[in-house]
Amino acid sequence: MTKIRLALLATAATGVLSLAGLAYAASNEAYVEQKGESNSASVDQTKSGASTLSNKFGSASNIVLQDGTSNSLDITQSGNENEIGLEGDGVDQTGANNAFYALQETNGNTIGSVQQIESTDAGAAGSNYLRVKQLVGNNNTVSSVSQETTASGRNSAILNESGTGNRIKSVSQYNNGDDLNNIVIKLEGNNNGTADALTNFAADSRVNGSEIIQSGSNNDLKLYITGDNNQFGATQTNEAGGSNVINTLKIRGDNNELGVTQSAHSSTDVNSLTIERVIGSDNNIGVRQEGYGENIGTINLGASSDGNRARLTQQHGAIGSITIHTGDYNRASIEQHAASTTQNDAAIEITSTDQTRGNNNVYINQWGNGETARTYVTGDFNYSSIQQKASGNEATVTIIGDSNKNFTYQSPYSDDNVATVNVTGNENYVRGNQQSSSDDNTSEFDITGNKNTIISNQEAFSTSNSADIDIAGNGNSIENLQSWGGANSLDIDIEGSDNTLTSTQTAAGFSSVTFDITGSNNTFDATQLFSASDEMTATIYGDNNGRGSWTTGGAADIGLNSGYLTQTGAGNSLNLMIGELGAPSSNNVVATWQGGLSNSIDVSITEGDNNEVAIRQSGSFNTSVVTQTGSSNIVGISQ
């Protein structure tokens, strides 16, 4: 073992320690202490042509110290189990414009502790620069690297590890709010950055694990991970204004975990994160953006990426997006919280392959006014959900595929919400809920395909809701409920066969239902209850629509049941039209019923045969008008 100590106190000095030529190059120790300006030291603990082992540079009892300005330290170690600043303070650089370079090659090497503190006078400018490489080896460790500037300083750190089982435990930077923190980390290999915590959705992300910490203003992080089972956490805290930026973050591999937290200081600050591409399976990503500034987050999962978890949680004026390019069994979630004066925007897009069971799950939850949410799902057996809990929100759902499920919920005590749902495919299940307190909510459904189920539920306390439902396909089921509030409106257009419609409006007043049915064997039950001056208009083009039967006793049997149109209250009007010139509609069976005063029913069969209509009116001052063109049509009226 060889020990060398170098102490240089001159204003400008250079120390070069080369231990490469010593026998065995094993268990050597070197310590450097320099005070003054423009100092530099170079330490080489290698031995050409043979392995080196257990060399040390600095420790708790013999720290490496450079105190002054424009200091530079360069260390090279090769072989196994070499150490730089193993314990305690290890390596300290104090002053302006410090630079630290370390290269370790092979296995089991350690950088214990490196500290750079830029401590120039107020108003002066200084910087810290650090570069660490642990290459072509396994089980290497960077325990602690820290950089601090106290006056108008800039911190820069680059760390590179390749191999298996390597770990960067802690990298931290602090500035006083006048300049920039910058970190670049590149990892190649498996089982790097073994976590002290993390797990699902990267522990949501209160961080920990292999920690990357930036505090101050204008924080910038770039992270590249290639390999499997890597685990990392990053924290950016903007304490004095400026921006937090992670604009280059790439992960290629499986079972990686990443947690990120960004916190902004004021309403003029920005958190920005872009995870450019995650390619692989069973990766676990959690991002949290906090504070009162603008939060922007983007997460992309690449092609053929399965079983991944990605969650983005944001506050106040946020823009968030998650995109999964061709993957299955993924879970993607965006949560956005906001004060009443801010607006959030969230979008999740997912493309999957054809599956036969539960596949991707997509969730957007928003709290705040003026929110916008969009989900776009392509594939089969996917689940998507949008929940918005305030006013002036917009939700847009697009589903292309089969056996998908969607739930859209716009909460109570909210107003002026809009929900738009577009579905192309078969056997999909779509449910929309809107509840309002003082202004209108609107929902629109556009469905193309077969055997889909659409449920629209709107509830208002003192306002009007409107729903527009367009169906093209066969065997679809449509349920609509509009309750209380003011003048609710429903417009339904069905084109196809064997569709089922159920619609109920209750206690609104001046409400309207309009539905057009084109096709055969469709059934319907539309009801307006406990209100006045409601209007219902039904137009049927096709054959065998309604619930069936009758004829036997003639005059539409009048025991009712059948395709059923109902109104209760006063001053309501019901208009039923069957067929049109040149397009006869036959064998339709429709029952109409009104209970109350001054109601009217108008039935027109323009062209068609064997249609049956039953009319029942209970109460006074009611009127019924029937016009028929065709053969063997039957109308029964009971007043």
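**Strand pairing, cavity and a buried aspartate**

Analyst: In this predicted model, six bridges join strand 4 to strand 7 (residues 72-78), and the two run in the parallel sense.

User: Which residue in strand 7 stands opposite Q45?

Analyst: Strand 4 spans residues 40-45, and Q45 belongs to it. Strand 4 pairs with strand 7. The residue opposite Q45 there is Q77.

User: How many charged residues are in the lining of the largest cavity?

Analyst: The structure holds one cavity of 30 Å³ or more, and the volume of the largest cavity is about 40 Å³. Its lining includes T408, A419, N433, F445 and Q458. Strand 35 (418-424), strand 36 (429-436), strand 37 (441-448) and strand 38 (453-460) each give two or more residues to this lining. The lining has three nonpolar and eight polar residues, and the number of charged residues is none.

User: Why does D380 count as buried, and which residue's backbone nitrogen does its side chain reach?

Analyst: D380 lies in the loop between strand 31 (372-378) and strand 32 (383-388). D380 counts as buried because its relative accessible area is 10%, and the cut-off is under 20%. At 2.8 Å, the side chain of D380 reaches the backbone nitrogen of D402.

Notes. Residues are numbered from 1 along each chain as its sequence is written. This is a predicted model: local features need pLDDT of at least 70, side-chain atom pairs count only at pLDDT 80 or more; totals for chains, interfaces and linings use all residues. Side-chain values use heavy atoms; hydrogens and water are left out. Buried means under 20% relative accessible area, exposed over 50%, partly exposed in between (1.4 Å probe, protein chains only). Helices (H or I, at least four residues) and strands (E, at least two) are DSSP runs, numbered from the N terminus. Two strands pair if DSSP finds at least two bridges between them. On a 1 Å grid over the protein atoms alone, a cavity is a set of points where a 1.4 Å probe fits but cannot get out, and a pocket is an open set with protein on both sides within 12 Å along at least five of seven lines; lining residues have an atom within 4 Å of a point. Grid points are joined across faces, edges and corners, and a volume is the space filled by probe spheres set on the points. Ala, Val, Leu, Ile, Met, Phe, Trp, Tyr, Cys and Pro count as nonpolar, Asp, Glu, Lys and Arg as charged, and the others, Gly among them, as polar. A polar contact is a pair of N or O atoms within 3.5 Å; within protein, one must be able to donate a hydrogen and the other to accept it, and residues adjacent in sequence count only if both atoms are side-chain atoms.
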